[in-house]
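Welcome! Take a moment to look over the sequence and the fold, and then let us walk through a few details together.

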Amino acid sequence: ADRNHDNFLTIKELGQYINKNIVDHIDEAIQLNPREFRRVDISPADGLVTWEEYHRYFLKEHGMTEADIDEHNEIKHTALNRKAREDMMRDKARWSEAARTDLFTLTIDEYLSFRHPESSISNLLELVDDLLRQFDQDGDDQLSIEEFSEVNVADDDDLIRKSLISKTVVERREEFKRIIDKNQDGKADRGELLNYVNPKTPRYALQEAATLFSLCDEDRNGKLTLKEVSEG
C-alpha cells in the first residue's frame, strides 16, 4: 500500500490499495463463476441451478457428508452452527433477488448475481434503473445536475438514496460535476450512471479510505503511520 516507501500512507495510496483489492476480488469472482456453477449444477447438469442443488453444495462446503445431507432438516438446520445458519438465511434472500427468469432456478449469469452481487452487470444495470426511476423527473432517461442534487434524502429510508448520494446539495452538485458527468454536458446518461455505481471505480475505494482516515489519523496530518493503522 505504501507506494513510495516513506513509511506513511496517504488517502490516495490507501484508496489505490483498496481499489486494487476490490478489482481483484470482482475479477476473480467472474473468472471462477463458471467453474463453481458446474460443480453445483449436477442433478441434472442442465445449465440451471436449483435451490436444492445449491443447498446440497452449501452443506458439503460446511463439512457435511452425503449421508448427513440426506438426513438434514432443512427447516431447522440443526446440524449447522449459528454462523452457517445465518449465511443460509442470507443466501435465501439473495436467491429471491437473483432469480429473475424463474423463481426456482438460476442461470449462470444469475448465479453470479446470487453469489457475488457486486460483480454482476445485471445488478449494476438495475441500480441505474432505480436511480432513473427515482430521480429522472422529466422522463428523458438522463439525470440533470438539478435532478441529482436537489432531492431530499435526510429522512428517506431508501438505501439507494442513502448509499449513493451525499447529504448536502453542495456535495451532490460537486459529485455530479466532478465524478458522474464525464463529458461535462450537464446530463448523466446510462453509461455515466453505470460507471458511477460500478464498485470497480476508484470512488468507492477513496470513500472507504477517507472513512478509515477519519478513524485512525490521530494527529490529523493527512498521513497514517503503521502504529495508527494497527491501533485504529
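This is a predicted model: local features need pLDDT of at least 70, side-chain atom pairs count only at pLDDT 80 or more; totals for chains, interfaces and linings use all residues.

## A serine in a loop

A polar contact is a pair of N or O atoms within 3.5 Å; within protein, one must be able to donate a hydrogen and the other to accept it. You will find Ser120 in the loop that runs between helix 5 (108-115) and helix 6 (121-135). Its side chain reaches the backbone nitrogen of Ser122 at 3.2 Å.

Is Ser120 buried or exposed? Buried means under 20% relative accessible area, and Ser120 has 2% relative accessibility, so it counts as buried. Leaving aside residues up to four places away in sequence, Ser120 touches Leu112 and Ser113.

## Aromatic pairs

Searching the whole structure turns up 11 aromatic pairs. One of them joins Tyr54 and Phe58: the pair is tilted, with 6.3 Å centre to centre and 50 degrees between the planes. Both residues lie in helix 2 (residues 51-61), four residues apart, which is about one turn of the helix. Tyr54 is buried, with a relative accessible area of 1%, and Phe58 counts as buried at 5% relative accessibility.

Tyr54 also pairs with Tyr111: their ring centres are 6.5 Å apart and their planes sit at 65 degrees, so this pair is edge-to-face. Here distant parts of the chain are linked, since Tyr54 is in helix 2 and Tyr111 in helix 5, 57 residues apart. Tyr111 is buried, as is Tyr54.

Which residues do ring pairs link into a cluster? They are Phe37, Trp51, Tyr54, Tyr57, Phe58, Trp95, Tyr111 and Phe114.

Methods:
Residues are numbered from 1 along each chain as its sequence is written. Side-chain values use heavy atoms; hydrogens and water are left out. Helices (H or I, at least four residues) and strands (E, at least two) are DSSP runs, numbered from the N terminus. Buried means under 20% relative accessible area, exposed over 50%, partly exposed in between (1.4 Å probe, protein chains only). Contact means heavy atoms within 4.5 Å. Rings of Phe, Tyr and Trp (its six-membered ring) pair if their centres lie within 6.5 Å; planes under 30 degrees apart count as stacked, over 60 as edge-to-face and the rest as tilted.
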